[in-house]
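Work through the exercises below with the model open. Try each task before reading its solution.

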Amino acid sequence: MLPQPMQDSKQEMGTATTAELPYHLAPESHLGQKHLPTFNLSQKTILDLLNTRCSNSYEHLKQVHALVVKTGHLQDHFVAGTLVKCYANPQFGSLDCSIKVVQQVPNPNVFVWNSMIKGCLDNEEHRKALSFYYRMVVLSCRTNNYTYPPLFKACSMEQAVEEGLQIHAHVVKNSFVEDGHVRCSGIQMYASFGRVEDARKLLDAGGETDVVCCNAMIDGYMKCGDVDAARGFFEEMVNKNIGSWNAMINGFMINGMIDKAKDYFNEMPEKDEISWSVMLDGYNRGGQFKEALEVFTEMQRENVKLRKFILSSALATCANLGALDQGKWIHTYIRRNSIPLDAVLGTSLLDMYAKCGRIDLAWDIFENMKQKKVFSWNAMIGALAMHGRAEDAFDLFFQMQRERFKPNDITFVAILNACAHAGLVDEGMKYLNDMKEVYGVEPTVEHYGCAVDILGRAGLLGEALELINSMPMKPNAAVWGALLGACRIHKNIELAEKVGRILLEMEPENSGRYALLSNIYAKAGRWDDATKIRMLMKERGVRTIPGRSMIDLDGVVHEFRIGEQTHPQSKDVYLMLGQIMRRLQLAGHVPNTSQVLFDIGEEEKQTALRYHTERLAIAFGLLKTAPGSTIHVTNNLRVCEDCHSVVKLISKIYSRQIILRDRVRYHHFSDGHCSCKDFW
DNA sequence: ATAGGGTTAG
């Protein structure tokens with residue numbers, strides 16, 4: 001239903017009272033002073049001032065507003081509407097002032113109302129947008145085609161189906177369906193409701209076909225998951241433009257059809273910045289980071305302009321690959337081209353350095369960033385947590401508050417992770433409690449998952465279970481997974497069996513759960529049970545995630561996959577690894593094969609080549625880098641105990657610093673020790 | 001006259 005008439009306008013308009021308003025908005029300066037002005041200013045001058053000076057400066061805006069009131073121009077609807085628009089600039093956070101202006105304008109016309117509605121939308125006040133429309137209608141102000149796109153958008157955002165249908169009815173009644181913009185936003189709205197058929201009807205109501213509306217229709221089909229309809233529609237389109245192709249490619253990507261996206265990308269007659277960006281982000285989202293990096297490299301060959309969003313995506317790619325050299329190249333590019341390091345780009349950069357193991361450089365970036373946002377602090381705190389530097393993470397957490405940034409839910413995930421990786425039980429429990437009591441941030445299931453992790457790792461399995469049973473929401477698979485991991489560390493078979501059963505029920509398609517449970521049985525010598533789990537997995541047709549390790553040398557990412565010898569120098573690598581293992585044996589290292597033997601899905605592979613890939617990457621690093629230099633390796637799974645002890649020994653015997661990133665944290669190996677203190 | 005650089009990305 002459309003909003004009801006407003007009983008109490010103050011309540012509907014927000015909570016601003018007269019006392020809080022800027023001086024010039026106080027009722028004394030109300031218009032109706034027709035004997036003014038004391039001096040004259042043309043409408044054009046005022047509009048010029050509003051449109052230029054006032055777009056960046058709230059101070060100027062207040063001054064011009066005062067001038068408008070003094071000179072009586074507030075009765076000029078054009079001036080009033082523009083004033084409304086200026087106050088609605090989301091940078092200023094002064095939508096209340098826009099509202100106040102509208103209240104002071106006698107008989108606002110369509111332009112004033114439209115500006116007000118659009119302003120609400122820009123400030124994400126969707127309900128207010130709808131209520132102003134309602135008010136406009138009851139005051140019998142005529143609407144026009146500019147009125148409706150923001151309203152459709154508001155209904156999408158609020159998923160307000162009833163209101164959307166009514167607004168659509170008004171549009172039809174007033175014959176605004178002929179306006180492409182109106183139709184386009186309506187199509188988007190219906191698609192957001194999941195009602196593609198209604199979207200299609202609206203499109204067809206438009207008469208002659210408008211490319212932009214058709215592109216919105218493709219997007220609508222894709223967002224509703226109807227790939228075939230999108231494809232059929234696209235094929236029948238006579239006037240395709242780049243946007244049509246881009247909508248298809250993006251649609252394939254969001255529906256997980258990466259190969260199809262690639263086909264269309266290769267086939268399209270002309271590409272623009274968006275085409276490249278869609279491919280890069282699609283690969284990133286699909287976890288195909290090597291392919292993403294290839295796209296980025298090709299963009300450079302094709303001389304596509306590298307804007308900040310592309311660079312930010314490419315930095316995320318590098319972060320995921322551990323591709324430090326590529327990341328550094330981007331950093332240099334940013335500096336050479338004087339691209340401003342805003343909060344988004346700066347945070348991407350620091351995240352890249354942190355995830356490539358260079359927490360020192362990440363720190364440099366963070367300290368020198370001119371513009372920081374909450375997510376910048378979160379990224380830095382999270383980075384310190386991953387590197388096991390809990391104390392530094394806490395320091396930063398307090399510093400952010402001194403600088404008036406309010407910690408949010410993500411901040412607390414980072415803080416709890418810091419506690420988990422450093423084994424700080426009391427601190428962790430205190431933060432879990434304080435986040436609600438002191439900071440007013442409601443803990444989510446993710447926070448409880450971290451807390452279970454903290455307790456479980458410390459061996460407090462009973463407490464962890466108690467927390468799961470007493471948490472205010474239903475535990476998800478991640479929560480049980482944390483407990484199962486703890487069962488492995490502390491060898492609690494009975495609990496592991498119970499938790500494992502719950503998990504295999506909740507996530508029958510997650511291979512990691514089977515692997516973990518099977519390994520727990522194997523380690524306890526219960527081979528039959530371990531085998532049973534593996535059989536169960538096979539029966540259910542669950543596919544494993546193959547282990548992969550990557551090492552970045554001179555800007556080239558080398559990848560090693562489990563059981564494969566696809567790397568061109570793989571022969572040398574295996575020879576080198578054989579040498580290494582012999583040297584370790586001489587140094588007294590006895591391999592522990594329990595986990596290696598029972599890595600699920602690998603037993604079909606050639607048995608002689610079953611080294612975990614982190615060892616292959618490290619062997620390659622030893623082969624290819626100068627003595628004494630640091631080796632950075634990235635792995636997509638968690639490092640096993642045996643590899644962990646092997647890498648410790650390698651760091652000692654070969655006198656190398658090795659920084660190994662696994663799926664959730666970093667291990668800095670040096671002189672036979674690891675920064676995680678064998679706690680991970 | 002005035003207001004949407006409509007669609008596809010971040």
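Predicted model: local features only at pLDDT ≥ 70, side-chain atom pairs only at ≥ 80, totals over all residues.

**Exercise 1.** Find the buried residues of helix α2 and say which helices they pack against.

*Solution.* 
- Step 1. Helix α2 spans residues 43-52, and its buried residues are Ile 46, Leu 47 and Leu 50.
- Step 2. These residues cover an arc of only 100° around the axis, so they lie on the same side of α2.
- Step 3. Residues three or four places apart in an α-helix point the same way, because there are 3.6 residues a turn.
- Step 4. Look at the face turned away from the buried side: Lys 44 and Thr 52 are exposed there.
- Step 5. The buried residues of α2 pack against α3 (58-70) and α4 (77-87).

**Exercise 2.** In the largest nonpolar core, identify the residues that touch the most other members.

*Solution.* 
- Step 1. The core holds 181 residues.
- Step 2. Those touching the most other members are Leu 50, Tyr 148, Ile 218, Phe 296, Met 352 and Leu 483.
- Step 3. Apart from this core lies another, of 31 residues, including Phe 560 and Ile 650.

**Exercise 3.** Describe the protein surface near DNA strand B.

*Solution.* 
- Step 1. DNA strand B is surrounded by 27 residues; Gly 180, His 181, Asn 215, Asn 250 and Phe 309 are the closest.
- Step 2. Helix α16 gives the most, with five residues.
- Step 3. Check the bases: a base nitrogen is 2.6 Å from a polar backbone atom of Gly 180.

Key. Residues numbered from 1 in each chain as written. Chains lettered and ligands numbered in written order. Heavy atoms only, no water. Buried < 20%, exposed > 50% of the residue type's maximum accessible area, 1.4 Å probe, protein only. Helix = DSSP H or I, 4+ residues; strand = E, 2+ residues; numbered from the N terminus. Arc of directions from axis to C-beta. Contact = heavy atoms within 4.5 Å. Core = buried A, V, L, I, M, F, W, Y, C linked by side-chain atoms within 4.5 Å. Near = heavy atom within 4 Å. Polar contact = N/O pair within 3.5 Å; in protein donor to acceptor, adjacent residues only side chain to side chain. Nonpolar A, V, L, I, M, F, W, Y, C, P; charged D, E, K, R; others polar.
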